[in-house]
Amino acid sequence: DRQTLVAVLQFLRRSNLRESEEILRREARLLGDDLGTAALRGSVAAVTISSPGVTAVAAVPPGKGEARGGCVVGPSSRREPREVGSPCAARSLGDSPLSEQLLLAGAFAVAGAVVVEDQPDVSAVLSAYNQQGDPTLYEEYYSGLKHFIECSLDCHRAELSQLFYPLFVHMYLELVYNQHESEAKSFFERFHGDQECYYQDDLRVLSSLTKKEHMKGNETMLDFRTSKFVLRISRDSYQLLKRHLQEKQNNQIWNIVQEHLYIDIFDGMPRSKQQIDAMVGSLAGEAKREANKAKVFFGLLKEPEFDVPLDDEDEEGENEEGKPKKKKPKKDNVGSKSKKQDPNAPPQNRIPLPELKDSDKLDKVMNMKEAARRVRLGPECLPSICFYTFLNAYQGLTAVDITDDSSMIVGGFADSTVRVWSVTPKKLRSVKTAADLSLIDKESDDVLERIMDEKTASELKILYGHSGPVYGTSFSPDRNYLLSCSEDGTVRLWSLQTFTCLVGYKGHNYPVWDTQFSPYGYYFVSGGHDRVARLWATDHYQPLRIFAGHLADVTCTRFHPNSNYIATGSADRTIRLWDVLNGNCVRIFTGHKGPIHSLAFSPNGRFLATGATDGRVLLWDIGHGLMVGELKGHTDTVYALRFSRDGEILASGSMDNTVRLWDAVKAFEDLETDDFTTATGHINLPENSQDLLLGTYMTKSTPVVHLHFTRRNLLLAAGAYSSQ
């Protein structure tokens with residue numbers, strides 16, 4: 001709007017940022033000296049900085065903003081280190097090698113996205129809390145609003161109650177920043193008990209901020225200050241609030257609402273308390289509806305078909321390191337008369353995927369044979385569960401993974417070792433030394449058997465290399481490689497032919513909490529304490545993508561079955577879905593009341609299940625960007641989630657020492673995802689999730705860390721026995 005533009009231009013002129021002023025003029029086509037007479041009051045202009053999935057307002061004192069490549073950039077709205085290229089240019093994919101095609105000039109450098117500087121200037125961020133209003137009246141302001149909301153009609157009360165928490169935090173921080181310590185203390189003590197129970201952890205952190213100096217380095221404080229808290233409110237409720245604040249001339253609260261909150265107004269009925277409770281609870285409020293509007297290709301890629309003689313592959317299938325079920329690479333030229341393309345699938349070549357090797361084809365054939373013998377699961381036919389208990393794991397079991405064909409299991413431990421076991425009678429063997437290999441007849445039929453060194457055969461191999469606890473492990477789909485990530489900030493790639501470390505990927509500066517291979521191999525993702533997820537390719541030292549936007553640690557990562565998207569769960573209590581092609585955040589899911597620790601995509605790619613420390617398992621429809629189910633039953637953190645091979649059953653494993661089986665078919669049938677629901681976020685969750693619970697299986701004293709369905713739908717679970 002013209003007035004704002006004029007104000008910003010004046011501000012740039014006053015700050016002697018001529019170059020920026022020129023760029024903005026050109027962009028806005030204000031060529032003459034057409035500045036109008038609008039006066040800009042005060043020395044702080046708010047510049048809204050939006051990037052995909054992230055919107056923040058940074059206060060830009062004179063001299064702090066600068067123009068870059070046609071984008072006005074203020075002090076950063078995020079703490080993550082961002083690798084930034086040309087902010088307003090995107091690269092198209094050429095015919096270069098796979099990862100080259102995927103490399104981008106910068107992490108967020110997508111056409112038109114505004115890129116934000118590295119570290120925020122803390123003093124600039126805090127200066128927005130300049131002295132406003134009489135400190136002694138803060139309690140009166142707040143209790144006045146509280147009284148108004150509690151006396152409003154029931155239909156509005158639930159929606160307006162969402163204001164309590166963000167206003168409480170901002171008013172408290174404002175008092176502390178302006179050094180009214182006793183008023184701040186009394187304000188906190190009087191009102192902190194009124195906040196929803198799921199904000200208790202945040203309030204504990206807040207209560208320790210009692211002096212202006214404490215605010216300088218506090219992450220929670222900065223997050224709250226720099227990311228606008230999002231509230232979703234119906235137009236009627238909003239008008240009611242606005243009228244009340246303007247009548248009372250309660251400018252203090254109105255200023256906070258305008259400066260620090262983002263109110264996402266929708267037309268229609270106000271939401272009920274249950275509907276609101278299901279969706280709130282994250283660090284920055286709910287997701288804006290806009291954040292979940294982008295189109296997502298959630299369908300699966302076409303399976304290539306090929307003709308392989310079916311008589312002799314059994315023996316080779318044993319020897320060849322093969323590749324699992326979920327691999328759906330590009331069309332193969334060997335007799336590819338593939339099934340019909342899924343209308344929701346991404347184009348086959350949307351991201352470059354590795355070609356199928358012969359061994360992969362053999363493994364696919366093995367897989368098809370196994371699938372033919374697969375048990376059809378359902379409420380009447382539950383899977384058998386085989387539990388792998390790690391005994392005497394006094395070195396602390398911190399991660400587990402099982403190969404797709406269920407032949408190997410790996411454990412990551414707190415003593416920084418990675419231990420790989422063979423679960424079949426076939427022992428683990430290394431390849432012979434170079435000298436011995438030179439003596440082998442390369443033309444012989446059993447050359448793959450001859451290159452293995454029998455002297456090295458054992459059930460267990462221990463891999464040394466990390467210098468801190470190993471928090472995540474992942475087998476490559478072809479079982480040739482293994483990834484592990486650690487507190488030491490590195491991700492390591494190990495060869496399962498030689499049982500040695502091939503590469504250490506350094507990019508995270510802090511502990512890396514999780515890593516996972518793409519279902520097609522080659523790409524992998526990692527997420528860590530630096531709040532960022534990174535996409536890598538095995539043959540590159542540098543990450544290909546950096547996914548920045550979470551407000552706290554990225555605790556778990558998962559590839560979508562079609563490999564075009566990555567889901568990340570975070571300690572900020574949100575789940576984000578990222579597009580691998582351009583690095584954009586295409587979905588933000590809020591509703592969990594604690595850090596997210598497990599993610600699982602349904603085999604058809606349409607749904608996502610998430611588990612967190614709140615013991616709830618939430619189900620999401622990816623296409624519509626909506627929560628469609630809530631499974632209650634666990635009493636502790638849900639650390640493992642897995643769908644059966646055909647998607648009929650969802651298994652969840654928790655720190656409460658149980659595995660629970662849920663009826664996924666029933667959970668996802670007759671979903672009400674009409675346009676109204678999508679537009680307003682009025683979700684209607686079934687009251688009783690117990691109808692969906694098919695069984696609960698206790699262990700003696702073993703928290704469940706990992707779950708895996710074999711190709712024939714036997715459920716494998718794993719965890720370390722705890723003696724307490």
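Before I start, a contact here means heavy atoms within 4.5 Å. I am working with a predicted model, where local features need pLDDT of at least 70, side-chain atom pairs count only at pLDDT 80 or more, and totals for chains, interfaces and linings use all residues. Residues are numbered from 1 along each chain as its sequence is written, and side-chain values use heavy atoms, with hydrogens and water left out.

**Entry 1: two helices**

I looked up α1 (residues 2–14) and α2 (residues 18–28), whose axes come within 8 Å and cross at roughly 160 degrees. My helices (H or I, at least four residues) and strands (E, at least two) are DSSP runs, numbered from the N terminus. Axes are lines fitted to C-alpha atoms, for helices over the stretch in contact, and angles run from 0 to 180 degrees between N-to-C directions. The crossing angle makes α1 roughly antiparallel to α2, a label for angles over 145 degrees.

Which residues meet? Leu-5, Val-8, Leu-9, Leu-12 and Arg-13 in α1 touch Arg-18, Ser-20, Glu-21, Leu-24, Arg-25 and Ala-28 in α2. I sorted the residues of this contact into six nonpolar, one polar and four charged. In that sorting, Ala, Val, Leu, Ile, Met, Phe, Trp, Tyr, Cys and Pro count as nonpolar, Asp, Glu, Lys and Arg as charged, and the others, Gly among them, as polar.

**Entry 2: the sheet β16 to β19**

A handy reminder: strands of a sheet pair through backbone hydrogen bonds, either parallel or antiparallel. I count two strands as paired if DSSP finds at least two bridges between them. Here four strands make an open sheet, ordered β16-β17-β18-β19, with antiparallel pairing. β16 (512–517) and β19 (545–548) are at the edges with a single partner strand each, so one side of each has no neighbour in the sheet. On average, neighbouring strands of this sheet are turned by 15 degrees against each other, direction ignored.

I then followed β18 (residues 532–537), which pairs with β19 over four bridges in the antiparallel sense. Leu-535 stands opposite Arg-545 in β19.

**Entry 3: the sheet β28 to β31**

Next I found an open sheet of four strands in the order β28-β29-β30-β31, again with antiparallel pairing. Which strands stand at the edges? They are β28 (638–643) and β31 (693–698), each with a single partner strand, so one side of each lacks a neighbour in the sheet.

Strand β30 (residues 658–663) runs antiparallel to β31, and five bridges join the two. Leu-661 stands opposite Gly-695 in β31.

How values were computed. Angles under 35 degrees count as roughly parallel, over 145 as roughly antiparallel, 65 to 115 as roughly perpendicular and the rest as oblique.
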